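Student: Could you walk me through a few features of this protein, with some questions and answers?

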Amino acid sequence: MTPADRIFVALDTTDAAEAARLAGALAGAVGGVKLGKEFFTANGPIGVGRVTASGLPLFLDLKFHDIPNTVAGAIRSSLALKPMIVNVHASGGPAMMRAAADAVAEAGAEGGADRPILLAVTVLTSMGPDDLAAVGMGDDPEAQVVRLARLAQQSGCDGVVCSPREIAAVRDACGTGFKLVVPGIRPEWAAKGDQKRVTTPKQAIDAGADYLVIGRPITQADDPLDAARRIAAEMA
């Protein structure tokens, strides 16, 4: 896997035409696109199809979090979009994650290559110790991330979404085969924005991340293609 293959660019916009244009421009320079709630709520499956027409793999970042039956149904419905990665919130608990894993396994049994990677979101990268304490989760992000990562692994998930700061701890807890997808990536030359637990692309890869989710440093650059190539070169 090349450094560029490890990059999923976050297209956090409601403008389907602009997202499709960016995806087309970045094809070959990144490993895939991430489309989340902002885009999906505005544009739905048809909009997703416009973006994936570029041929880039899809990380469908809808962070399902509901009762087990509803989440399993949502996962099954999402398979029509042929995502490479889907995700749920680990805080939904083991029964919910097992239901999602079962739905993904059904896809593997029926379609083989169409089986997506199932991730569990641990702690959002916008949350710091004070935020965790405010919602009754203690005040140690790393401890909470590791706890949820272990639970996700035990519940049948393929990996987790975690911040760069917890990569080493999750690797130690869950082993080398567990997929780590890491947002909160900021090159030295990019602004941090609203992310609190961040690091550079190279630091994240060196720590053991499998894939990086990078948005504004690429999408808001004067030349997104050049920014993507620059980040891949730094990772190498």
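Tutor: Happy to! This is a predicted model, where local features need pLDDT of at least 70 and side-chain atom pairs count only at pLDDT 80 or more, while totals for chains, interfaces and linings use all residues. Residues are numbered from 1 along each chain as its sequence is written, and side-chain values use heavy atoms, without hydrogens and water.

Student: How many aromatic pairs does a search of the whole structure find?

Tutor: Rings of Phe, Tyr and Trp (its six-membered ring) pair if their centres lie within 6.5 Å; planes under 30 degrees apart are stacked, over 60 edge-to-face, the rest tilted. Searching the whole structure gives 2 aromatic pairs.

Student: What kind of aromatic pair do F8 and F59 form?

Tutor: The ring centres of F8 and F59 are 6.4 Å apart. Their planes make an angle of 80 degrees, and the pair is edge-to-face.

Student: Is F8 buried or exposed?

Tutor: Buried means under 20% relative accessible area, exposed over 50%, partly exposed in between (1.4 Å probe, protein chains only). F8 has 1% relative accessibility, so F8 counts as buried.

Student: And is D139 buried or exposed?

Tutor: D139 sits in the loop between α5 (129–134) and α6 (141–154); helices are DSSP runs (H or I, at least four residues), strands likewise (E, at least two), numbered from the N terminus. Its relative accessibility is 52%, so D139 counts as exposed.

Student: Which residues form one aromatic cluster?

Tutor: F8 and F59 form an aromatic pair. F8 also pairs with Y211. The one aromatic cluster is formed by F8, F59 and Y211.
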